[in-house]
Amino acid sequence: MQEFVIENGVLEKYQGTEATVVVPEGVTAIGYRAFYYCQSLQEIQLPEGVMEIGHHAFDCCKSLEKIRIPDSVKKIGGDAFWCCSSLQEIQIPDSVTEIGRSAFAGCSSLQEIWIPDSVTKSEGFCTFMDCSSLQEIRMPDSVTVIGEGMFWDCRSLQKIQIPNRVTAIQKRAFKSCTSLQEIRIPEGVTEIGYEAFAGCSSLREIRIPDSVISIGKHILKDCENLSTVIASPSIKCELCNDLYSEGLKKLCSLSGELKRDIFTNLSKPVKNKKAVLRAFIEQDDAETLNFLLDRNYIANTKIRDELIEWAALNKKTEAVAALLAYKNRTGNLEKEEKAREKQIKKELNI
């Protein structure tokens, strides 16, 4: 059986089982699924003259460790290296101008990649999704959009420099990048999509430039170590509303500084303040509790005494101390309540 099926310069199908494959001279393109699911393939040599690596060309070549892309290649198609889980490095030559969607998705052993400035078109959709070993990436200045899910689940990615020409970070672009500790969003970005940074559990600070006018829901969901959000008042208000909407359990897990930030910047008053206080009493979080008590989260002495009793029964010692200190600070609260009640009755002639 012939190993290579070649038509008009396009390698349509490889039918061999060799670990190392040398593609013959004269081939100008690697066709759709040409090496699809070649489980024995470990190394491949492409000749000069190949101009395109087609869609799904090396899809699921899970043993592929090494490939040299010649300087003649201009286009890498969508899903070209999908799930090449043994591929540790790949060099993209300066001749490449286009990279398709999900081109390197699932390359879980890939540790670094440099995209040359020659790339002017990249669909961005899930390009490096699930590249779980990827630690560093260089992106060219030509990039204007960080596409949907582009770095989703790149759990080892520690740093990335977003090019200054980027205007949009689309949904789930950096979702679950659990090692990402910092990120600089350049001025000029106007849009940040849904869950763009959700699950970035190591992220400690984020600065959102004043140029941002559209922001999606849950962009900071499950960023449990986030302590500082720097943004314009309107965007910060939107972010704080969104974080609060995730529920008290999630809210309690955030850093103290961020929790205070959220309560300070909410656009609407908190409705069930007693439930909020109980949530922080449950966590024995005296710091946040004191912050809320100083903002009149207790409506009357009855609620105050109920909370003290509940905290004591549940052995929340820090919370009990905070509530008792508050009670001492507001010793005249009961008298003031009775005075207000008396005044209201007088005004209503009761």
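**Sheet, core and salt bridges**

Modeller: This is a predicted model. There is an open sheet of 3 strands, in the order β16-β18-β20, with parallel pairing.

Colleague: Which are the edge strands?

Modeller: β16 (182-184) and β20 (228-230), each of which pairs on one side only. From one strand to the next the twist averages 5°.

Colleague: How many bridges join β18 to β20?

Modeller: Strand β18, residues 205-207, is joined to β20 by 3 bridges, and the two run parallel. In that pairing, E205 stands opposite T228 of β20.

Colleague: Switching to the core. Which residues touch the most other members of the largest nonpolar core?

Modeller: F35, F58, F81, F151 and F174, out of 109 residues in that core. Elements giving two or more residues to the core include β2 (10-14), α1 (233-245), α4 (273-282) and α7 (317-329).

Colleague: What is F35 in contact with, leaving aside its neighbours within four places in sequence?

Modeller: Its contacts include F58, which is another of the residues touching the most core members. Also among the contacts of F35 are L11, Y14, V21, V23, I30 and L41, along with D59 and C61.

Colleague: Now the charges. How many salt bridges does the structure hold?

Modeller: The structure holds 17. One of them is between the side chains of E98 and K75, at 4.0 Å from N to O. E98 is in strand β9 (residues 98-99) and K75 in strand β8 (residues 75-76), so this pair ties together parts 23 residues apart in sequence.

Colleague: Why does K75 count as partly exposed?

Modeller: Because its relative accessibility is 26%, and partly exposed covers the range between under 20% for buried and over 50% for exposed.

Colleague: Which residue does R138 form a salt bridge with?

Modeller: D117, with the closest N and O atoms 2.9 Å apart. The pair links distant parts of the chain: R138 is in strand β12 (residues 136-138), while D117 is in the loop between β10 (112-114) and β11 (121-122), 21 residues away. R138 is partly exposed, with a relative accessible area of 28%, and D117 is partly exposed too, at 46%.

Colleague: And R304, buried or exposed?

Modeller: R304 is buried, with a relative accessible area of 5%. R304 forms a salt bridge with D305, the closest N and O atoms being 3.2 Å apart. D305 counts as partly exposed at 32% relative accessibility.

Definitions and conventions: Residues are numbered from 1 along each chain as its sequence is written. This is a predicted model: local features need pLDDT of at least 70, side-chain atom pairs count only at pLDDT 80 or more; totals for chains, interfaces and linings use all residues. Side-chain values use heavy atoms; hydrogens and water are left out. A nonpolar core is a set of buried Ala, Val, Leu, Ile, Met, Phe, Trp, Tyr and Cys residues joined through side-chain atoms within 4.5 Å. Buried means under 20% relative accessible area, exposed over 50%, partly exposed in between (1.4 Å probe, protein chains only). Helices (H or I, at least four residues) and strands (E, at least two) are DSSP runs, numbered from the N terminus. Contact means heavy atoms within 4.5 Å. Two strands pair if DSSP finds at least two bridges between them. Axes are lines fitted to C-alpha atoms, for helices over the stretch in contact, and angles run from 0 to 180 degrees between N-to-C directions.
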